[in-house]
Amino acid sequence: MTVHPSLQTYADAWTHSIESIAELVKPLAEGEWNARTPCPNWSVRDIVSHIIGMESEQLGDPRPIHTLPRDLFHVQSDFARYMEMQVDVRRHHTAPEMTSELEYTIIRRARQLRNETRGPETMVRAPLGAEQTLELALRMRAFDVWVHEQDLRTTLGQPGNLDSPGASIVRDTLLAALPKVVAKDAGAPNNSAVVLDVHGPMEFLRTVRVDAEGRGSVDGSPSLGPAVTLAMDWETYFRLACGRVRAGAVADRVKIEGDQELAAAILQNFAVTP
């Protein structure tokens, strides 16, 4: 156990997802590491490289000294360049090199988490030289590895863990971003409400309310006469919110009631991960 129980939830979810990833990729043949995934522009190898790199940074390891090729046209921002560095430096690594580095990184990180005595508010390293609280860092690592586990499961045709501990963290993190999506990005009118009804392995109903000043909030109470109701399954919800699919590609899996124009604007701005 960590000293602070609030961190244990994230550590447990991270452990469950990252060990699942290790099991998924261990038996892969060399060619399978190059398979495209739902994560834009990344292969199986790229996702595993990213996970190794991010966990290494949490361990305090130095970042690789590496120059990115000029033909990586999907790398358009400083954040993307930062993330791509740990990926590109491993693009020619073999399957055994990838699995052994992943397993070693998991062992080191698991030991670090077991021995963690810092408080949740301790400031730790974040991307681009910034800092974040230890609690946020662990929550984002749990979020990241679960979403990437699902990327790999989709590519490898091995569905599972849609209701695992990491799924709950992903649900809560994505729901926290909904008020901005509805109120600011989609421009829902003041004094309106939008209902999200999600079914499947993770089942929940949430209402996003926009107040008289245009500020959004989310709660679990139903709304009488919402402007829009969006109903979809859990897999469609997180894939949309994580930018894995566009709304047009899953139109048959999303049921819309109410203001069609507002619904389209919400779905157009649904992706909240960078």
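**Entry 1: the pocket**

I began with the lining of the largest pocket, where α5 gives the most, with 8 residues. I kept in mind that this is a predicted model.

Next I looked up which helices take part. I found that α2 (44–58), α3 (78–88), α5 (134–156), α6 (165–185) and α8 (260–268) each supply at least two lining residues. The lining has 44 residues.

I wrote down 26 nonpolar, 11 polar and 7 charged residues.

**Entry 2: salt bridges**

I turned to charged pairs. The count comes to 22 salt bridges. I picked out a few to follow.

**Entry 3: Arg-45 and Glu-30**

I found the side chains of Arg-45 and Glu-30 meeting in a salt bridge, at 3.2 Å from N to O. Where does each partner sit? Arg-45 is in helix α2, and Glu-30 is in the loop between α1 (5–25) and α2. The pair therefore ties together parts that are 15 residues apart in sequence.

Arg-45 has 5% relative accessibility, so I put it down as buried, since buried means under 20%. Glu-30 is partly exposed, with a relative accessible area of 38%.

**Entry 4: Arg-253 and Asp-233**

Arg-253 forms a salt bridge with Asp-233. Their closest N and O atoms are 3.0 Å apart. I traced Arg-253 to the loop between α7 (234–241) and β7 (254–258). Asp-233 lies in strand β6, residues 228–233. This pair ties together parts that are 20 residues apart in sequence.

Arg-253 is partly exposed, at 36% relative accessible area. Asp-233 counts as buried, at 14%.

I followed one more pair. The side chains of Glu-257 and Lys-255 meet in a salt bridge, 3.5 Å from N to O. Glu-257 counts as partly exposed, at 41% relative accessibility. Lys-255 is exposed, with a relative accessible area of 53%.

Terms used:
Residues numbered from 1 in each chain as written. Predicted model: local features only at pLDDT ≥ 70, side-chain atom pairs only at ≥ 80, totals over all residues. Heavy atoms only, no water. 1 Å grid on protein atoms, 1.4 Å probe; cavity = no way out; pocket = protein on both sides within 12 Å on 5 of 7 lines; lining within 4 Å. Helix = DSSP H or I, 4+ residues; strand = E, 2+ residues; numbered from the N terminus. Nonpolar A, V, L, I, M, F, W, Y, C, P; charged D, E, K, R; others polar. Salt bridge = Lys/Arg side-chain N within 4 Å of Asp/Glu carboxyl O. Buried < 20%, exposed > 50% of the residue type's maximum accessible area, 1.4 Å probe, protein only.
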